[in-house]
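This briefing is meant to be read alongside the sequence and the coordinates. The topics are taken up in turn, from a single site to the chain as a whole.

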Amino acid sequence: MARLYADEQFPKRVVELLRKLGHDVLTVQQAGKANRKIPDQEVLAFAVSEQRAVLTLNRQDFFRLHRLQPEHFGIIACKDNRDRETMAARINEAISAVDTLSGKLIRVKRPQG
């Protein structure tokens, strides 16, 4: 399964659900980088150093970073969804649909309706 790095705003419950689905998810808090505002470029740089794809709700900033720095292990930019189970399932589906996350920007939207 995927090696992921969840940024500081990413929902803890979704991280837990992704782990149950078999993904290796490291959070900013577990990496010892919590309790301070971490610039997005540092989040991406750390993820690259750990060979992990970034999980983020900070869509626009990471869209920009992807254009500026396409050499990464993946960026999964999600729309927040209060239905955490659906959110985790949609992320899992998006990850499973590609052969590699490296260099990819994956957009995970809320279901319509």
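Where is Asn81 found? In this predicted model, Asn81 sits in the loop between strand 4 (75-78) and helix 4 (84-96).

**The site around Asn81**
- Asn81 counts as buried because its relative accessibility is 11%, which falls under the 20% cut-off.
- A polar atom of the Asn81 side chain lies 2.8 Å from the backbone nitrogen of Asp83.
- When neighbours within four places in sequence are left aside, Asn81 is in contact with Thr86, Met87, Arg110 and Pro111.

**Nonpolar cores**
- The largest nonpolar core has 21 residues, and those with the most contacts inside it are Leu4, Phe10, Leu18, Leu55, Ile76, Ile91 and Leu101.
- Two or more residues of this core come from each of strand 1 (3-6), helix 1 (12-20), strand 3 (53-56), strand 4, helix 4 and strand 5 (105-108), with helix 4 giving the most, 5 residues.
- Phe10, again leaving aside neighbours within four places in sequence, is in contact with Val15, Leu55, Thr56, Leu57, Cys78, Met87 and Ile91.
- A second, separate core has 12 residues, including Leu26, Val28, Val54 and Ile75.

**The chain as a whole**
- The protein chain has 4 helices and 5 strands, which run β-α-β-α-β-α-β-α-β from the N terminus on.
- The radius of gyration of the protein chain is 13 Å, which agrees with the value near 13 Å for a compact globule of 113 residues.
- Buried residues make up 43% of the 113 residues, and among contacts with a separation of 6 or more, 55% are between residues 24 or more positions apart.

Key. Residues are numbered from 1 along each chain as its sequence is written. This is a predicted model: local features need pLDDT of at least 70, side-chain atom pairs count only at pLDDT 80 or more; totals for chains, interfaces and linings use all residues. Side-chain values use heavy atoms; hydrogens and water are left out. Buried means under 20% relative accessible area, exposed over 50%, partly exposed in between (1.4 Å probe, protein chains only). A polar contact is a pair of N or O atoms within 3.5 Å; within protein, one must be able to donate a hydrogen and the other to accept it, and residues adjacent in sequence count only if both atoms are side-chain atoms. Contact means heavy atoms within 4.5 Å. A nonpolar core is a set of buried Ala, Val, Leu, Ile, Met, Phe, Trp, Tyr and Cys residues joined through side-chain atoms within 4.5 Å. The radius of gyration is taken over C-alpha atoms; the globule rule is 2.2 Å times the number of residues to the power 0.38.
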